[in-house]
Amino acid sequence: MQALMLLLWTGALLGHSSSQDRAGSPQEDSPAPDTTGVPVEEEDPFFKVPVNKLAAAISNFGYDLYRVRSGLSPAANVLLSPLSVATALSALSLGAEQRTESTIHRALYYDLISNPDIHGTYKELLASVTVPEKNFKSASRIIFERKLRIKSSFVAPLEKSYGTRPRILTGNPRLDLQEVNNWVQAQMKGKIARSTQEIPSGVSILLLGVAYFKGQWVTKFDSRKTSLQDFHLDEERTVTVPMMSDPKAILRYGLDSDLNCKIAQLPLTGRMSIIFFLPLKVTQNLTMIEESLTSEFIHDIDRELKTIQAVLTIPKLKLSYEGEVTKSLQEMKLQSLFDSPDFSKITGKPIKLTQVEHRSGFEWNEDGAGTTPSPGLQPARLTFPLDYHLNQPFIFVLRDTDTGALLFIGKILDPRGI
Ligand SMILES: *[C@@H]1O[C@H](CO)[C@@H](O)[C@H](O)[C@H]1NC(C)=O
């Protein structure tokens with residue numbers, strides 16, 4: 001299924017911008033859409049690096065989570081950093097006996113990567129994506145019901161690979177909320193607002209994933225060119241929002257004729273990029289694009305887009321999210337964690353997952369490193385002027401260049417916020 005997508009995508013791009021390149025590169029070793037009807041799995045060296053392979057697996061979990069989340073609220077923005085949720089689940093799997101462990105591992109696609117040292121590799125991945133220059137913060141925590149006695153044989157590897165200590169609730173709602181808020185403040189350096197929502201009652205295991213990102217473009221936007229402009233919510237309704245623009249933007253671009261969308265990629269400092277998916281027509285129904293999102297598909301896009309010059313407009317964005325993703329995870333073959341899982345490596349008492357919470361903040365504005373594009377970017381010659389206006393519902397993916405990890409994903413139906 002995934003390989004087929006990949007071939008379709010390659011076909012789509014071939015039709016538009018890269019037929020010349022492809023025809024002129026005999027060393028091209030990726031399989032052509034063959035006549036047997038069985039797509040050949042591509043052996044990409046990128047995915048042979050253990051940390052990239054792990055990043056692909058948990059990012060595929062992230063796209064699954066995004067799809068379910070988006071499906072549950074088709075008319076609302078979605079802002080997610082699935083990495084923090086994946087981290088909490090991966091950490092929790094350290095305390096799971098075989099049946100429960102394999103449930104978690106399947107959801108995270110670990111069964112497909114045969115890595116004997118998943119947790120060690122995970123530590124490496126976390127270290128790589130949270131270096132200060134990426135401006136990306138992510139933290140996860142496992143919170144247990146009050147008075148629970150936890151085995152030290154669970155705590156030690158948790159600290160070693162995930163750098164986190166489990167928390168046991170006191171049972172005093174005010175104190176517990178304060179403690180969780182203080183932890184979030186410390187982890188996110190105060191970038192995420194304190195929550196006023198009480199810790200839910202009846203917690204057995206609560207997973208908390210938090211993340212924050214503020215983008216720095218490689219090429220900054222001229223704030224004098226920012227103005228109030230229309231954003232089309234759908235075919236009828238329009239709102240006015242601050243829109244940044246660059247009449248001579250250098251970006252990477254491709255038209256996907258299967259998904260009926262224009263894909264663009266803008267580089268960020270810290271070796272990251274944002275990939276935008278913009279439908280050809282104004283619509284809130286982004287299902288087709290959402291269905292195609294996988295690590296392999298995004299990796300392919302990253303390779304195949306062509307550098308061009310365009311007239312670019314993009315809304316300023318400052319979004320935050322605080323809420324549960326419990327229901328989403330229950331719909332992702334993880335229901336058994338909420339029923340009768342086996343966490344006997346954590347404690348002798350029967351415990352189960354009861355809540356999964358996510359808090360995140362995400363922002364981009366004109367800020368960037370330089371005023372001119374890097375000299376390495378030579379736009380392809382185009383015979384037509386290209387416009388790229390993010391003035392209607394779109395999807396964005398924040399991706400780490402080095403590992404390919406999905407750091408944030410958003411569905412923006414209304415840039416004014418949720
Ligand atoms: C959204 O688009 C998909 C695929 O194009 C279609 O199957 C689905 O029915 C649409 N959903 C709505 C709510 O219109």
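Modeller: A polar contact is a pair of N or O atoms within 3.5 Å. This model is predicted, so local features need pLDDT of at least 70 and side-chain atom pairs 80 or more, while totals for chains, interfaces and linings use all residues. Residues count from 1 along each chain's sequence, and side-chain values use heavy atoms, without hydrogens or water.

Colleague: What lies 2.4 Å from an oxygen atom of the ligand?

Modeller: That's a polar side-chain atom of Asn285.

Colleague: New topic: how do H2 and H9 cross?

Modeller: Helix H2 (residues 50-72) and helix H9 (residues 295-304) cross at roughly 110°, and their axes come within 8 Å. Helices are DSSP runs of H or I, at least four residues, and axes are lines fitted to C-alpha atoms, with angles from 0 to 180 degrees. H2 and H9 are therefore roughly perpendicular (65 to 115 degrees).

Colleague: Which residues meet there?

Modeller: Ala55, Ala56, Ser59, Asn60 and Tyr63 of H2 meet Ser295, Glu296 and Ile298 of H9 (heavy atoms within 4.5 Å).

Colleague: And H5 with H6, at what angle do they pack?

Modeller: About 40°, with the axes of H5 (residues 118-129) and H6 (residues 152-162) 8 Å apart.

Colleague: Who meets whom in H5 and H6?

Modeller: His119, Gly120, Tyr122, Lys123 and Leu126 in H5 touch Lys160, Ser161 and Tyr162 in H6.

Methods
A polar contact is a pair of N or O atoms within 3.5 Å; within protein, one must be able to donate a hydrogen and the other to accept it, and residues adjacent in sequence count only if both atoms are side-chain atoms. Helices (H or I, at least four residues) and strands (E, at least two) are DSSP runs, numbered from the N terminus. Angles under 35 degrees count as roughly parallel, over 145 as roughly antiparallel, 65 to 115 as roughly perpendicular and the rest as oblique.
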